[in-house]
2 protein chains.
Amino acid sequence: MTILETQGLAAKNAARRLAVAGEEQKNAALAAIAEALIARKDEWLAANAADLAAARANGMKESLLDRLALDEARIAGIAEGVRQVRALPDPIGQVVKTTLRPNGLKLEQRRTPLGVIGIIYEARPNVTVDAAALCLKAGNACILRGGKEAFRSNKAVMSILRDALEQAGLPRDCVALVEDTSRETANEMMDLTQYLDVLIPRGGAGLIRTVAAKAHVPVIRTGEGVCHIYVHADADLDMAARILYNAKCSRPSVCNAAECVLVDRAVAEDFLPMAWEYLKKKSVTLHGDPESRDILGPGVLPATEEDWDTEYGDFQLAVKVVSGPEEATDFIAQHGTGHSEAIITENYTVAQWFLDQVDAAAVYVNASTRFTDGFEFGLGAEIGISTQKLHARGPMGLEELTSTKYVVYGSGQVRE
Amino acid sequence: MTILETQGLAAKNAARRLAVAGEEQKNAALAAIAEALIARKDEWLAANAADLAAARANGMKESLLDRLALDEARIAGIAEGVRQVRALPDPIGQVVKTTLRPNGLKLEQRRTPLGVIGIIYEARPNVTVDAAALCLKAGNACILRGGKEAFRSNKAVMSILRDALEQAGLPRDCVALVEDTSRETANEMMDLTQYLDVLIPRGGAGLIRTVAAKAHVPVIRTGEGVCHIYVHADADLDMAARILYNAKCSRPSVCNAAECVLVDRAVAEDFLPMAWEYLKKKSVTLHGDPESRDILGPGVLPATEEDWDTEYGDFQLAVKVVSGPEEATDFIAQHGTGHSEAIITENYTVAQWFLDQVDAAAVYVNASTRFTDGFEFGLGAEIGISTQKLHARGPMGLEELTSTKYVVYGSGQVRE
């Protein structure tokens with residue numbers, strides 16, 4: 001057995017115990033984790049300092065260093081996140097449906113854990129705790145493979161997590177870290193079908209595509225967002241400009257940020273200059289089709305075919321003039337990633353039509369796509385935003401980390 | 001573009017139209033299909049006769065010929081099945097959940113189709129119609145790849161299906177048949193991620209394992225069933241024998257049939273001879289562990305390690321004596337396929353414990369595992385029985401062929 005297979009088997013055994021642990025015991029473990037994160041913060045900070053020093057020496061750029069860095073305030077925030085997960089209702093054992101059959105069989109469809117969840121992510125040590133806490137509350141064991149840049153930080157916090165589990169009487173193997181961060185272990189994880197029930201990649205589009213293309217363990221694709229704001233002819237144009245500004249500029253690096261604005265020809269001349277006034281505040285670079293460049297002038301770069309499919313993750317925006325809702329929804333069907341799509345309009349019929357037509361995890365009328373998020377949607381937590389249709393779609397909270405089983409109470413029934 | 005890619009693109013476009021077709025239009029298409037199956041039965045029967053003649057010439061064995069064969073009564077039954085699917089409530093557009101957020105956003109989680117469903121199956125022409133009808137009612141386009149032995153039958157019925165779709169004003173491409181039944185097209189289908197949202201293999205364990213191991217399109221594994229009947233010390237032994245007989249013998253070729261009986265040592269001497277009396281009626285071959293052979297004698301074959309993991313699909317049964325519930329559930333965890341598992345007991349606490357502990361799509365107390373079925377569970381239809389935990393578990397009806405999306409009604413909200 002490889003090291004990873006040994007971890008997989010241990011996780012599977014731990015998952016069996018965890019599946020029948022009650023809410024009280026899981027909550028005790030989460031409380032112990034939150035407490036230990038604070039009590040043992042110096043261990044975690046020391047390991048993180050070593051990671052940061054090594055990353056700096058390797059020339060990691062400032063924005064990535066910021067994602068990697070921990071401090072007391074961040075650790076306090078992470079511990080608070082664990083307490084919030086603890087406070088959420090336990091989904092396990094919830095009865096989704098009951099049926100009494102004519103032959104007297106009583107059926108219950110009950111929520112159960114998924115089993116063992118693999119998570120492959122990049123250099124953000126907070127993910128290690130967030131993911132472990134969510135998996136634990138939903139009764140799942142997890143095997144975490146973080147980026148090599150955060151390895152020392154992850155190893156330090158893993159021992160804090162596992163000690164806390166043990167303190168609460170749960171198996172240490174409910175949470176495990178892949179210590180070899182080479183590409184080989186990532187590949188091995190993608191094929192660990194015997195032990196992993198699902199694999200969730202968290203990180204950039206490249207990571208997610210690679211995992212989805214290679215893995216034989218069932219994958220949940222998350223966080224690919226080429227999101228559109230479609231400004232319909234009957235839009236309140238000032239509202240449209242404010243929403244576009246928010247969707248593009250409030251946090252351009254995240255997956256629910258807008259990457260493209262589509263505007264009806266009938267209002268393009270009024271809307272585009274007004275929108276650009278807002279966007280200029282953040283020096284947004286525009287990539288426009290010929291019509292939008294005619295309106296806004298040569299300060300707008302010409303959009304290439306590639307622009308329509310690009311998740312900029314930055315202060316850049318693609319701009320296209322369309323003839324109306326049909327062209328807009330066709331364009332979204334062709335270039336969207338099925339994440340979040342918005343129409344801005346005062347027209348009731350067009351709004352309803354857009355909501356029906358557009359195939360995405362979240363479809364909006366008159367609001368910013370930035371709301372697609374587990375907390376904003378009221379799930380109380382989030383392990384990612386699914387952009388696939390199987391199993392879960394949109395923000396994934398605790399319920400999306402569960403499966404179900406049928407429990408059947410009989411009294412001697414046999415089938416004819 | 002390959003032929004399959006062309007079919008994939010056409011199906012994707014058809015799926016967009018079908019996703020917004022109302023229940024009335026889908027029902028009209030289903031009614032037209034049921035009618036046309038009867039009206040044009042001679043076309044289908046003639047093609048089927050050619051398939052049967054070719055299969056006979058190739059030496060296909062009688063039980064497989066029977067699965068391949070159509071006659072008027074079977075076609076009437078298939079048409080009746082389509083009418084039953086028509087009568088089921090349309091899951092699409094159902095609101096699963098609504099939320100009003102503090103900022104005034106109104107969220108609706110609505111059921112949507114999955115998109116395009118690929119189905120790979122063997123030589124049963126009825127599956128072509130059943131699968132098409134279920135996919136259609138749930139708003140999904142489908143691409144069907146049946147076995148080569150049924151090719152003429154499938155091609156004939158496909159033209160009946162597509163004509164009926166057209167008659168109801170829906171795109172013919174809502175249903176498509178892969179006409180090249182070579183292994184290459186099956187492999188191509190498994191990687192058709194651009195067009196297929198999910199792939200469902202239906203058939204023997206070999207087919208399902210191959211598809212699950214190779215495919216990059218998300219797969220739903222169905223129908224792998226190594227099911228156990230566990231006879232607890234406090235069982236009503238006569239009930240246990242009747243249930244075991246039913247679970248093994250009522251239809252041994254199906255996935256919910258029992259393959260192994262576990263019996264508590266305390267009652268093994270009483271139970272096993274009684275059970276064998278029943279099983280002998282169907283000349284069931286037993287594969288027993290040493291203890292059960294001591295009780296029943298050398299007429300029982302010695303069980304090998306392989307027997308514990310074998311889905312006989314036949315009048316054969318593995319037999320093992322266990323020390324009690326712990327050993328039984330450990331054995332089930334190790335050798336079960338997560339399909340259907342039953343305990344026979346009058347002990348309340350042990351029954352509840354077993355239901356909690358055992359991780360399977362369906363867990364029974366005092367009833368035959370043969371009930372794990374979409375019709376028996378009251379779903380009104382079945383496209384297969386999922387033995388995986390992601391997306392759907394247990395019998396899959398219309399709801400399991402859907403996804404969801406969030407619809408968000410705003411009034412200008414932007415995120416801080």
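The legends below describe close-up views of a predicted two-chain model.

Residues are numbered from 1 along each chain as its sequence is written, while chains are lettered from A and ligands numbered from 1 in the order in which they are written. In this predicted model, local features need pLDDT of at least 70 and side-chain atom pairs count only at pLDDT 80 or more, whereas totals for chains, interfaces and linings use all residues.

**View 1. The rotation axis between chain A and chain B.**
The superposition is by least squares on the C-alpha atoms of residues with pLDDT of at least 70 in both copies. Within chain A, His391(A) comes closest to the axis, with its C-alpha at 1.8 Å. Both copies use the same surface: 100% of the contact residues of chain A recur in chain B.

**View 2. The side of chain A that touches chain B.**
Chain A gives 55 residues to the contact, and chain B gives 55 residues. Residues are in contact if their C-beta atoms, placed from the backbone, lie within 7 Å. Helices H1 (3–19), H10 (237–249) and H14 (348–357) of chain A each give two or more residues, as do strands S13 (362–367) and S16 (402–413) of chain A. Helices (H or I, at least four residues) and strands (E, at least two) are DSSP runs, numbered from the N terminus. S16(A) supplies the largest share, eleven residues. By class, this side has 27 nonpolar, 17 polar and eleven charged residues. Here Ala, Val, Leu, Ile, Met, Phe, Trp, Tyr, Cys and Pro count as nonpolar, Asp, Glu, Lys and Arg as charged, and the others, Gly among them, as polar.

**View 3. An open sheet built from strands of both chains.**
Ten strands line up as S1(A)-S2(A)-S16(A)-S13(B)-S12(B)-S7(B)-S8(B)-S11(B)-S9(B)-S10(B), with mixed pairing. Strands pair if DSSP finds at least two bridges between them. The edges are strand S1 (95–100) of chain A and strand S10 (301–302) of chain B; each has a single partner strand, so one side of each lacks a neighbour in the sheet. S10(B) pairs with strand S9 (residues 285–288) of chain B in the parallel sense over two bridges. There, His287(B) stands opposite Leu301(B).

**View 4. Strand S13 of chain A beside strand S16 of chain B.**
These two strands pair in the parallel sense over five bridges. Ala367(A) stands opposite Gln413(B). Asn366(A) also lies in S13 of chain A. Its phi is near 55 degrees, a positive value in a residue other than glycine. Asn366(A) is buried, with 22 other C-beta atoms within 10 Å. Ser411(B), in strand S16 of chain B, is partly exposed, with 13 such atoms within 10 Å. Buried means 20 or more other C-beta atoms within 10 Å, exposed 12 or fewer, and partly exposed in between, with C-beta atoms placed from the backbone. Beyond four places in sequence, Ser411(B) is in contact with Asn366(A) and Gly104(B).

**View 5. The surroundings of Cys142(A) in the largest nonpolar core.**
This core has 272 residues, and Cys142(A) is among those with the most contacts inside it. A nonpolar core is a set of buried Ala, Val, Leu, Ile, Met, Phe, Trp, Tyr and Cys residues joined through C-beta atoms within 7 Å. Beyond four places in sequence, the contacts of Cys142(A) include Val116(A), Ala131(A) and Val175(A).

Terms used:
Contact = placed C-beta atoms within 7 Å.
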